[in-house]
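User: I'm new to reading protein models and I'd like to learn how to look at one feature at a time. Could you walk me through this one?

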Amino acid sequence: MSDLLVAGIRSLVTNAGDPDLLGVVNDAAVAIRGGVVAWAGPAGDVPDEHRALPLLDAGGRAVVPGFVDAHTHMVFAGERGDEFSRRLRGEGYEEILAAGGGIHATVRATREAAPEELAAGGVARARRMLRTGTTTVEVKSGYGLDTATEVRMLEAALEVGERTPIDVVTTFLGAHVPERGVGRAEYVERVVEEMLPACAPLAAGCDVFCDAGVFTVEEARTVLEAGLAHGLVPRLHAEQLAHTGAAALAAEVGASSADHLDHVTPADAALLRDAGVVAVLLPAASWSLRAPQAPGRMLWDAGVTVALATDCNPGTSYVSSMPLVMAIACLEMGLTADEALWAATRGGALALRLADRGWVGPGALGDLVILDAPSHVHLPYRLGTDVVAAVVKRGRVVG
């Protein structure tokens, strides 16, 4: 059903006000018509025209907007469990790369995978995400490094959106790392002249891994400007491994987001804030790598719009749970439970420039997460436990 009245809500997070105020309504109800919220407010004030809608009783539980995961690499083949074990034994990423591991190991497996294998893997991960409350997910290419595989990855990501209830937003990341054996200038030219024309019709955004040992600021600018010429929204992997000036580039080109930001500075924060660039923080990746976390507290206090995302990928963050990401952000980045929830919902939507989700009110998508808890605080409080009782996607109960 796409028409639904969700009642019996102990506390409803609407995200309808200031980021510091979740707009919590106690003893609440939400009316959804045609998959879109028609009304939300106190249960005693439900308008007469909505009272006859099919009823879903939340049973005195808390309800929050569906999570918007604004940074993933969830379409891939193969796995890198051995690499994880080697990092635990103290091996560095450069050693792993030299031995044929890292991103290039996933590139090999992804190139060898049939289209159905890529799609099926993405569908399985999307269903796991849905069970933990994610209703919109961004999916990047970037494990092809050649035109044919990059196209197959984006096609598989779009198929995930067709075969599951999750909404998928695709991003072209041909400039993930340079292909082995190809000069950097030649590879950037290949991305711009060959990959982008083929991939742009399948993508909404264009991303570049701009960091030490990957792509320079100048190379990233070339790719992002070419992406803009194809109508793709700029996004950027920035300041993860070192401070390179990538955050400033994100502000310069009007990127929708700058992601990772482990080495971002207060000066960068001011640039991101003034340019309206969302800081997408990926605490599970830094946690997995046992690296310092991005300064989430500093960015929030500086007035930067903050989002949280899983960075779901086979090498450095094989994570699909936004509640887990929220918990890490609270415990290691210094965000409050309220801030983490806002960043995992409304913040993610803003990073993807989606105005119709991440909040609950007339005109928003009917995407809700019913928690097996009396308050949204239980999301980070009950670290690693199943806190989701049900998921509503566009007015339909899907989990």
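User: How do helix H5 and helix H6 pack, at what angle and how far apart are their axes?

Analyst: Helices and strands here are DSSP runs (helices are H or I with at least four residues, strands are E with at least two), numbered from the N terminus. For an angle you need axes, which are lines fitted to C-alpha atoms, for helices over the stretch in contact, and the angle between N-to-C directions runs from 0 to 180 degrees. In this case, H5 (residues 147-163) and H6 (residues 184-199) pack at about 25 degrees, and their axes are 9 Å apart. Before we go on: this is a predicted model, where local features need pLDDT of at least 70 and side-chain atom pairs count only at pLDDT 80 or more, while totals for chains, interfaces and linings use all residues. Residues are numbered from 1 along each chain as its sequence is written, and side-chain values use heavy atoms, with hydrogens and water left out.

User: What do you call the arrangement of H5 and H6?

Analyst: There are cut-offs for that: under 35 degrees is roughly parallel, over 145 roughly antiparallel, 65 to 115 roughly perpendicular, and the rest oblique. H5 and H6 are therefore roughly parallel to each other. There's also handedness: a crossing is left-handed if the near helix is turned anticlockwise from the far one by less than a right angle, and right-handed if clockwise. H5 passes H6 in a right-handed crossing.

User: Which residues make the contact?

Analyst: Contact means heavy atoms within 4.5 Å. On the H5 side you'll find Thr-147, Glu-150, Val-151 and Leu-154, and on the H6 side Glu-194, Met-195, Ala-198 and Cys-199. The contact of H5 with H6 has five nonpolar, one polar and two charged residues.

User: Is Cys-199 buried or exposed?

Analyst: Buried means under 20% relative accessible area, exposed means over 50%, and partly exposed is in between (1.4 Å probe, protein chains only). Cys-199 has a relative accessible area of 0%, so it is buried. Cys-206 is buried too, at 1%.

User: How many disulfides are there in the whole structure?

Analyst: A disulfide is a covalent bond between the sulfur atoms of two cysteines. The test applied is a pair of cysteine sulfur atoms within 2.5 Å. Searching the whole structure turns up zero disulfides. For Cys-199, the closest cysteine sulfur is in Cys-206, 9.6 Å away, which is too far for a bond.

User: How about H7 and H8, what is the angle between them?

Analyst: They pack at about 25 degrees, with axes 11 Å apart. H7 and H8 are therefore roughly parallel to each other, and their crossing is right-handed. Val-217, Ala-220, Arg-221, Leu-224 and Leu-228 of H7 meet Ala-246, Leu-249, Glu-252 and Val-253 of H8. By class, that contact has seven nonpolar, no polar and two charged residues.

User: How many residues of H8 are buried, and what covers them?

Analyst: H8 (residues 246-253) is mostly covered, with six of its eight residues buried. Those are Ala-246, Ala-247, Leu-249, Ala-250, Ala-251 and Val-253. Their cover includes strand S8 (205-210), helix H7 (217-229), strand S9 (233-238), strand S10 (257-260) and helix H9 (266-275). After H8 comes Gly-254, with a positive phi near 70 degrees.

User: Which residues other than glycine have a positive phi?

Analyst: Arg-353 is one of them, with phi near 55 degrees. Arg-353 lies in the loop between helix H13 (337-351) and strand S13 (368-371), and is partly exposed at 49% relative accessible area. Arg-394 also has a positive phi, about 50 degrees. Look for Arg-394 in the loop between strand S14 (388-393) and strand S15 (396-397); at 35% relative accessibility, Arg-394 counts as partly exposed.

User: What is Gly-122 in contact with?

Analyst: Leaving aside neighbours within four places in sequence, Gly-122 is in contact with Met-74, Val-75 and Val-160. The C-alpha atoms of Gly-122 and Met-74 are 6.0 Å apart, although the two residues are 48 residues apart along the chain. Gly-122 belongs to helix H4 (residues 115-131) and counts as buried at 0% relative accessibility.

Definitions and conventions
Nonpolar A, V, L, I, M, F, W, Y, C, P; charged D, E, K, R; others polar.
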